[in-house]
Amino acid sequence: MEYILFITLCFLSAVAGDTIPSSKPSLYSYSVNGYEGETVQFRCYLSTLGSPPVRWSWFCGQEQMTSHITYSTTNTYLTFKLTMKYHLRSCYCRATSPSTSLIYNQSSSQRAIYVNHLPPTKPMIYVLSSTAVRSEETIQAKCNITSLGYPQISWMWFCSNQAPVSGAAIRFESYISLKITSNDKTIGCRCRATSSITYYEYDEFSDFVYFTVLSDPNNDTQCLSPVAFGTTTGLLVAIIAALSAVVILQCVRKRNGTSEPRSKKNTKLRRRAKDMFHEKRYN
């Protein structure tokens, strides 16, 4: 039955003289990216339009374009100015034969449009881990942004004296997971988003988030500060110097034969003699 219908259609088309293109439309684009306000143009081509000629239509995403369309023999053109709503939309043409006896309804390949633009806001930062950590523990944070812009931004993280890291980017967010290795008591982190294009440049930092590094409870030994260490050392040196002076002075006196004063020596002798007299008397 299908063969009979096919032969019948071919017979009718031959009688009516209808023809259709032998291939689908070919799509060409003169520019598929630019800035808002700049012009983008697409062209579709068929080697033959068939008889009766095909009817052209243009689409960008789900939107059918109804203006800025021109025709030239076997070509059709779509020309319009870029706006942000066309960013990442794919455009294509479609050719449809009006023949009642032959069926032709073919679409071309698609081409995506890229509109250069910058993110509208600076990055926002959020803490994902505890803000009080100990050395060798891990801190976590994330940054996000409402739009990546085009070309897309790149991320970088800065945390106090730690080396900058790129983090892990997932769509509109960047994550950092960093082990604490410094001796700082407080660590501040922030992210940076950058994008550079011909006419504009985006370079924005987020606010800081801060993490407190707690002391190790298993380590009771506390190091003195430089000021306390200097003060303590100075006192020890002074004490040692004073003791050394006393020792040296005593040594000098012994070497020179220095003895007790005569008055003190006579007093001791009289006291000793008196004690001996009392001992003999009572004995």
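Which residue does a disulfide join to Cys 60? The partner is Cys 91, and the sulfur-to-sulfur distance in this predicted model is 2.0 Å.

**View 1. The disulfide between Cys 60 and Cys 91.** The torsion about the S-S bond of Cys 60 and Cys 91 is about 110°, so this disulfide is right-handed. The pair links distant parts of the chain, with Cys 60 in strand E4 (residues 55-60) and Cys 91 in strand E8, 31 residues apart. Cys 60 and Cys 91 are both buried.

**View 2. The disulfide between Cys 44 and Cys 93.** The sulfur atoms of Cys 44 and Cys 93 lie 1.8 Å apart, and the torsion about their S-S bond is about -95°, so the disulfide is left-handed. Because Cys 44 lies in strand E3 (residues 39-45) and Cys 93 in strand E8, the pair ties together parts that are 49 residues apart in sequence. Cys 44 is buried, as is Cys 93.

**View 3. The disulfide between Cys 143 and Cys 191.** Here the two sulfur atoms are 2.0 Å apart, and a torsion of about -95° about the S-S bond of Cys 143 and Cys 191 makes the disulfide left-handed. Cys 143 belongs to strand E14 (residues 138-144) and Cys 191 to strand E18 (residues 186-196), so that the pair links distant parts of the chain, 48 residues apart. Cys 143 and Cys 191 are both buried. The structure holds four disulfides, and, with bonded cysteines counted along the chain, they follow the pattern 1-4, 2-3, 5-8, 6-7.

**View 4. An open sheet of four strands.** The strands are arranged in the order E1-E3-E7-E6, and their pairing is antiparallel. Strand E1 (26-29) and strand E6 (69-72) are the edge strands, each pairing on one side only. Neighbouring strands of this sheet are turned against each other by 20° on average, direction ignored. E6 is joined by four bridges to strand E7 (residues 75-81), the two running antiparallel, and Tyr 71 stands opposite Thr 76 in E7.

**View 5. Ser 101 and its polar contact with Asp 18.** Ser 101 is located in the loop between strand E8 (90-96) and strand E9 (105-107). Its relative accessibility is 10%, and Ser 101 therefore counts as buried, the cut-off being under 20%. The side chain of Ser 101 makes a polar contact with the side chain of Asp 18 at 3.0 Å.

Conventions: Residues numbered from 1 in each chain as written. Predicted model: local features only at pLDDT ≥ 70, side-chain atom pairs only at ≥ 80, totals over all residues. Heavy atoms only, no water. Buried < 20%, exposed > 50% of the residue type's maximum accessible area, 1.4 Å probe, protein only. Polar contact = N/O pair within 3.5 Å; in protein donor to acceptor, adjacent residues only side chain to side chain. Pairing = 2+ DSSP bridges. Axes fitted to C-alpha atoms, helices over the stretch in contact; angles between N-to-C directions. Disulfide = S-S within 2.5 Å.
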